[in-house]
Amino acid sequence: MISINELNQIKAEMEGLVAMRCEGEAAIKAMSKEGQTYKRHVLVCGGTGCTSAHSEEIIERFKDGIAKNGLEKEVCVIRTGCHGLCALGPIVIVYPEAAFYANVEVSIVDEIVSEHLVNGNMVTKYLYDKTVTDKGIISMHETDFYKKQNRVALRNCGVIDPESIREYIGTGGYQALAKVLTTMTPEDVIQVVLDSGLRGRGGAGFPTGRKWAMARTLVQDGGQKYVCCNADEGDPGAFMDRSVLEGDPHVVLEAMAIAGYTIGASQGYIYVRAEYPIAVQRLEIAIKQARECGLLGENIFGTGFSFDIGLRLGAGAFVCGEETALMTSIEGNRGEPRPRPPFPAVKGLFERPTVLNNVETWANIPQIILRGAEWFASMGTEKSKGTKVFALGGKIQNTGLVEIPMGTTLREVVEEIGGGVPNGKKFKAAQTGGPSGGCIPASHMDVPMDYDNLIAIGSMMGSGGLIVMDEDNCMVDIAKFFLEFTVDESCGKCNPCRIGTRRMLEILDKITKGQATMDDLDRLEKLAAHLQKSSLCALGQTAPNPIISTLRYFRDEYIAHIVDKKCPAGVCKDLLSFKVDKDKCIGCGLCARNCPANALNKTDYVAPGHKLPSFEIDSAKCIKCGVCIGNCRPKAITKQ
Amino acid sequence: MGADKKAVPFKGTEEQKQQLLEMIAGLKNERGALMPILQKAQDIYGYLPIEVQTMISDETGIPLEKIYGVATFYSQFSLYPKGKNQISVCLGTACYVKGSGDVYNKLMEKLGIEGGQCTPDGKFSLDACRCIGACGLAPVMTINGEVYGKLTADMLDGILAKYE
């Protein structure tokens with residue numbers, strides 16, 4: 001068992017090492033500190049995105065190159081968590097210069113080793129192009145993607161080795177737990193969390209301090225209580241929780257132990273998606289390390305407080321992200337939600353009082369304890385304090401993770417941080433909140449994003465997935481996509497959700513096939529209202545949201561499908577017709593050769609200036625697969 | 001979908017059975033152990049046929065109908081064997097808006113099977129999944145856990161050829 005003095009000693013030993021991974025002056029100062037052995041740190045991203053793009057091989061290559069050049073004592077290679085800019089992966093960052101190498105391939109590693117690590121010259125041609133400016137090379141933190149960000153929950157992601165508890169301690173890790181156990185009462189902790197204004201980052205935005213206070217006070221029979229971490233990040237397109245678990249797993253363990261002390265629980269569970277193998281592996285390592293150091297287990301820091309954490313894997317059920325379903329699943333049952341009340345603070349896991357928070361919420365706790373409620377509450381808007389991590393995806397240049405103060409506008413996120421919509425296309429809407437959320441159209445791009453504003457404009461914060469759509473996306477198709485999702489994932493326990501989502505999907509299907517009438521639209525809206533009111537859990541209550549919000553802002557698209565039998569974005573196949581512009585067609589015949597349905601026929605018409613007769617499409621045979629459009633060089637084939 | 005699947009005879013070995021029994025013995029006293037037991041059983045056998053569910057029921061005393069209920073609730077549990085190569089196409093939102101639906105359709109066409117099925121020669125099985133979190137590489141699919149990103153339908157022949 002480790003004492004607080006020993007914790008501080010590890011911190012002192014590691015501080016210098018970790019501090020070098022900041023920029024400029026601070027890094028140089030850190031280099032002269034005691035315990036600093038390496039002149040350069042090579043940080044290679046080991047998040048899911050970069051690992052999928054073979055960052056492991058890059059690490060090996062760096063290690064080989066460093067060994068060959070005899071630099072083992074001067075340069076260290078660290079596999080970190082996610083740096084956020086997943087679009088440019090694999091990412092390698094070299095400190096103290098904070099040189100940001102983007103899209104790194106194994107084949108260029110040797111050159112970086114010989115030029116940068118041996119000779120000390122950055123290899124400009126491989127740097128992230130936004131860091132190479134007229135004024136010279138700027139730090140990654142000055143680029144558009146990073147400069148508006150404020151990393152609190154993600155502060156260690158991409159900075160430390162997530163498999164090293166010593167590095168985490170070096171950044172001040174487990175100091176908050178020490179402070180809570182030795183200098184604060186549970187009531188003090190609750191007060192700090194309340195004063196910070198922290199609200200649940202899983203989507204609903206319930207004040208975290210109130211949740212803890214209820215779990216502490218409502219039942220006081222001296223029996224077991226539980227602390228749970230919701231890491232069942234099921235919203236498609238959201239990956240912030242995964243990144244925290246992969247990049248900084250100890251922060252979650254520390255925060256859960258703090259909550260355990262606060263509510264009087266000695267056992268915690270982390271429920272994590274099985275689809276996140278790297279996160280699971282790093283959590284297993286972190287729990288093992290924390291137990292070995294006595295930071296989990298009996299009598300932590302000799303204070304008499306005991307707390308341990310078990311890991312439970314999900315098995316691919318979206319509904320288990322709902323708190324009561326999650327607990328039912330940990331108990332070893334079908335993951336069906338239960339009616340509330342009783343709330344988990346009274347009857348949760350194994351029918352005992354339970355606090356359940358999401359990963360990102362936990363990741364904020366140690367910093368709030370160490371830096372104070374006032375510091376946290378100084379960020380954000382009146383009712384939404386702090387920062388929020390968003391996962392940018394879809395039709396956007398810089399896909400990746402960003403952490404920004406609450407109240408940042410969508411325009412700043414999409415146009416400045418995200419680098420805008422690629423290929424010169426027009427922004428149409430951003431979808432937040434996943435299958436429970438809604439879309440934000442261009443007209444609301446300047447609304448400061450926080451919990452309440454997003455609800456006011458018909459969307460919701462959700463867990464922070466933010467998918468950008470452009471003019472080529474059909475909003476009816478998107479609504480249908482989300483309904484297919486909820487139909488698949490409805491657990492079947494309550495009728496409104498099980499039957500209602502299916503009926504709504506059928507109507508949407510009719511609309512996208514051009515078979516619906518305006519009466520169907522009325523029926524769809526009525527059904528949506530019923531589901532919101534009568535479903536058992538949030539999955540069903542929010543399932544109609546994608547329909548309601550697309551109807552609110554893109555009703556004209558629904559009407560175009562129903563009345564004009566047209567899909568304005570050109571997505572819904574049944575409403576499309578393919579046409580050859582006979583005057584543009586050069587008669588090359590590529591379309592006809594590649595058509596799987598033999599739907600292209602040669603005509604007698606030769607356009608002026610062309611040598612060969614043009615083609616036309618037999619719409620009865622056409623299966624609207626679009627292969628011909630891809631093959632047509634003069635772009636003579638269009639879909640309408 | 002289940003109806004047109006032919007029952008595959010269960011071919012569990014004695015060694016697998018020993019592994020299963022040891023695993024259950026280690027876990028059965030934990031609260032809520034059924035999920036971890038099913039996950040590990042699927043690791044051992046590759047799927048959860050009724051024979052394996054029955055063994056679990058016998059060992060733990062959990063009624064078979066409850067085990068069946070849990071095994072059929074979660075999409076990661078499979079009552080049928082998977083192909084030698086397991087293809088999983090991400091139909092999460094980020095991948096979908098970038099065209100993973102086309103990739104999925106193309107795979108069904110190429111392999112001649114529906115999602116959730118296995119080719120008759122046992123080589124490939126195809127499933128859709130919801131977001132593996134590699135949204136920066138969208139659209140993505142995995143084959144036996146290996147991730148293929150920034151996919152287009154044209155790339156599929158080349159990728160599948162590697163597993164033939």
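1. Two residues are in contact when their C-beta atoms, placed from the backbone, lie within 7 Å. Take A:V244 as a case. Leaving out residues up to four places away in sequence, A:V244 touches A:A153, A:L154, A:C157, A:V251, A:V252, A:V359, A:E360 and A:A363.

2. A word on the source. This is a predicted model, in which local features need pLDDT of at least 70 and side-chain atom pairs count only at pLDDT 80 or more, while totals for chains, interfaces and linings use all residues. Residues are numbered from 1 along each chain as its sequence is written, and chains are lettered from A and ligands numbered from 1 in the order in which they are written.

3. Now the cores. A residue is buried if 20 or more other C-beta atoms lie within 10 Å of its own, exposed if 12 or fewer, and partly exposed in between; these C-beta atoms are placed from the backbone. A nonpolar core is a set of buried Ala, Val, Leu, Ile, Met, Phe, Trp, Tyr and Cys residues joined through C-beta atoms within 7 Å. The largest such core has 221 residues. Those with the most contacts inside it include A:V244 and B:V140. Helix α12 (residues 249-263) of chain A gives the most to this core: ten residues. A second, separate core has 13 residues, among them A:F578 and A:I617. In soluble globular proteins, nonpolar side chains tend to be buried together.

4. Next, the contact between the chains. Chain A puts in 41 residues and chain B 31. Helices (H or I, at least four residues) and strands (E, at least two) are DSSP runs, numbered from the N terminus. On the side of chain B that touches chain A, α2 (34-45), α4 (64-73) and α5 (93-97) of chain B each supply at least two residues. The most comes from α5(B), with four residues. By class, this side of chain B has 18 nonpolar, ten polar and three charged residues. Here Ala, Val, Leu, Ile, Met, Phe, Trp, Tyr, Cys and Pro count as nonpolar, Asp, Glu, Lys and Arg as charged, and the others, Gly among them, as polar.

5. Look at α2(B). Its twelve residues reach 16 Å from first C-alpha to last, close to the 16 Å expected at 1.5 Å a residue. (The expected span is 1.5 Å times one less than the number of residues.) B:L34, B:M35, B:I37, B:L38, B:A41 and B:Y45 are buried in α2(B). They cover an arc of only 160 degrees around the axis, which puts them on the same side of α2(B). The arc is that of the directions from the helix axis to the C-beta atoms. The buried residues of α2(B) pack against elements of both chains, including β10 (305-313) of chain A and α1 (14-27) of chain B. B:G46 follows α2(B), with a positive phi near 90 degrees.

6. Compare α6(B), residues 100-111. Which of its residues are buried? They are B:S100, B:V103, B:Y104 and B:L107. Seen down the axis, they fall within an arc of 100 degrees, so they line one face of α6(B). Just after α6(B), B:G112 has a positive phi of about 70 degrees.

7. Last, check some backbone details. The peptide bond from A:R340 to A:P341 is cis, with omega near -5 degrees. A:P341 sits in the loop between α14 and β11 (354-358) of chain A. A:F350 lies in the loop between α14 and β11 of chain A. A:F350 has a positive phi of about 50 degrees, although it is not a glycine.
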